[in-house]
Amino acid sequence: MKKAQNFTVRVGHREPLDPRRSAVAAAAFMHNKTQWVRRRVIKVEEYYIMYVLNGSGTYEDPLNGQIAVNEGDAIITFPGLEHTYGPTTMWDEAYIVLRGPMFTQLETEGVLRRNSPVLSLGNSPALKSSVMSLVEDFLREQRLANPIQTARAHMLVAQMIDTHLAHVAASATQPGADFVRRACALLETDLDRETDLQQVSRRFGFGYERFRKLFADETGVSPARYRILRRIDHAKSLLMEGRVPIKRIAEQLGYCDVYFFARQFKQVTGRTPSEFRRF
């Protein structure tokens, strides 16, 4: 075990005897991690499966945008797809690195999908036990490659996909508080940028109209309206500080011009930004 800045790392690597065969190439535990993986591109044919043991954060790539990640979720990173992920404050993670034709075939057959890089697993105790057991066994192993571990990893992927699909299906009929919490967290991120609500809905396994109805039923407002309200809330905080010019606040929140910002602010609050600041 070694210390790496502010988090503890236990990591192991194995090289397959035959590079044409599939293998678990690496596995690790990282505790109290605060560092982010930023704009990484995996150039070899490897798939990383990163499982969040504790904590929460976000994942982002050019194909899917930003996705909320919660305790018990798994992130799959794909070769050639630039990605960024990390914890909100800190988290514990376990990861395994899969290499070879067996895992490439899973993507070819649509089991692993680039438009679904975060698997919602519902913090399953069985999955957590499977992940930790595989990583622990890998770290104890001395041989270059163990085909039994590779088979276990293949089964673990199937278990994760099945659990994710069941979780999405259950959320579609009974979304509940977890759906609202995750949707709200996603809609509150990057308030200075435009958000594709169709893309947001796909992350929960819904079409937009279904997503909008479920969200509105639970919160009383549409997703678009919710995001506007959070933007205005943030604007209020900046205005109360009294130092930031109104034009600069509009720019920070991604408004095309200060007049549109002022109009929308008044529609929500009943006051212009200047009036709110003076009040």
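A pocket is an open set of points on a 1 Å grid over the protein atoms alone, with protein on both sides within 12 Å along at least five of seven lines, and its lining residues have an atom within 4 Å of a point. The structure is a predicted model, in which local features need pLDDT of at least 70 and side-chain atom pairs count only at pLDDT 80 or more, while totals for chains, interfaces and linings use all residues. Residues are numbered from 1 along each chain as its sequence is written, and side-chain values use heavy atoms, with hydrogens and water left out.

**Exercise 1. The second largest pocket**

Describe the second largest pocket by its volume, its central residues and the make-up of its lining.

Solution. 
Step 1. The volume is about 230 Å³, where a volume is the space filled by probe spheres set on the grid points, which are joined across faces, edges and corners.
Step 2. The lining has 14 residues, and G65, Q66, E194, T195 and R203 lie nearest the centre.
Step 3. Strand 7 and helix 5 each supply at least two lining residues; helix 5 gives the most, with three. Helices (H or I, at least four residues) and strands (E, at least two) are DSSP runs, numbered from the N terminus.
Step 4. By class, the lining has two nonpolar, five polar and seven charged residues. Here Ala, Val, Leu, Ile, Met, Phe, Trp, Tyr, Cys and Pro count as nonpolar, Asp, Glu, Lys and Arg as charged, and the others, Gly among them, as polar.

**Exercise 2. The largest pocket**

Work out which residues lie closest to the centre of the largest pocket and which elements supply its lining.

Solution. 
Step 1. The largest pocket has a volume of about 600 Å³. Of its 30 lining residues, N115, S116, H164, R202 and R203 are the closest to the centre.
Step 2. At least two lining residues come from each of strand 7 (65–69), strand 11 (118–119), helix 3 (147–173), helix 4 (176–187) and helix 5 (197–203).
Step 3. Helix 3 provides the largest share, six residues.
Step 4. The lining divides into 15 nonpolar, ten polar and five charged residues.

**Exercise 3. Nonpolar cores**

Locate the residues with the most contacts inside the largest nonpolar core, and list what M160 touches.

Solution. 
Step 1. A nonpolar core is a set of buried Ala, Val, Leu, Ile, Met, Phe, Trp, Tyr and Cys residues joined through side-chain atoms within 4.5 Å. Buried means under 20% relative accessible area, exposed over 50%, and partly exposed in between (1.4 Å probe, protein chains only).
Step 2. The largest core has 49 residues, and I96, L98 and M160 have the most contacts inside it.
Step 3. Not counting residues up to four places away in sequence, M160 touches I49, Y51, A74, L119, L121, L127 and V131; contact means heavy atoms within 4.5 Å.
Step 4. A second, separate core of 15 residues includes F179, L187, F206 and F211.

**Exercise 4. Salt bridges**

Solution. 
Step 1. A salt bridge is a side-chain nitrogen of Lys or Arg within 4 Å of a carboxyl oxygen of Asp or Glu. The structure holds 15 of them.
Step 2. E46 counts as buried because its relative accessibility is 6%.
Step 3. R193 is partly exposed at 40% relative accessibility, as is D190 at 28%. E60, D190 and R193 are linked in a network of salt bridges.

Terms used. 1 Å grid on protein atoms, 1.4 Å probe; cavity = no way out; pocket = protein on both sides within 12 Å on 5 of 7 lines; lining within 4 Å.
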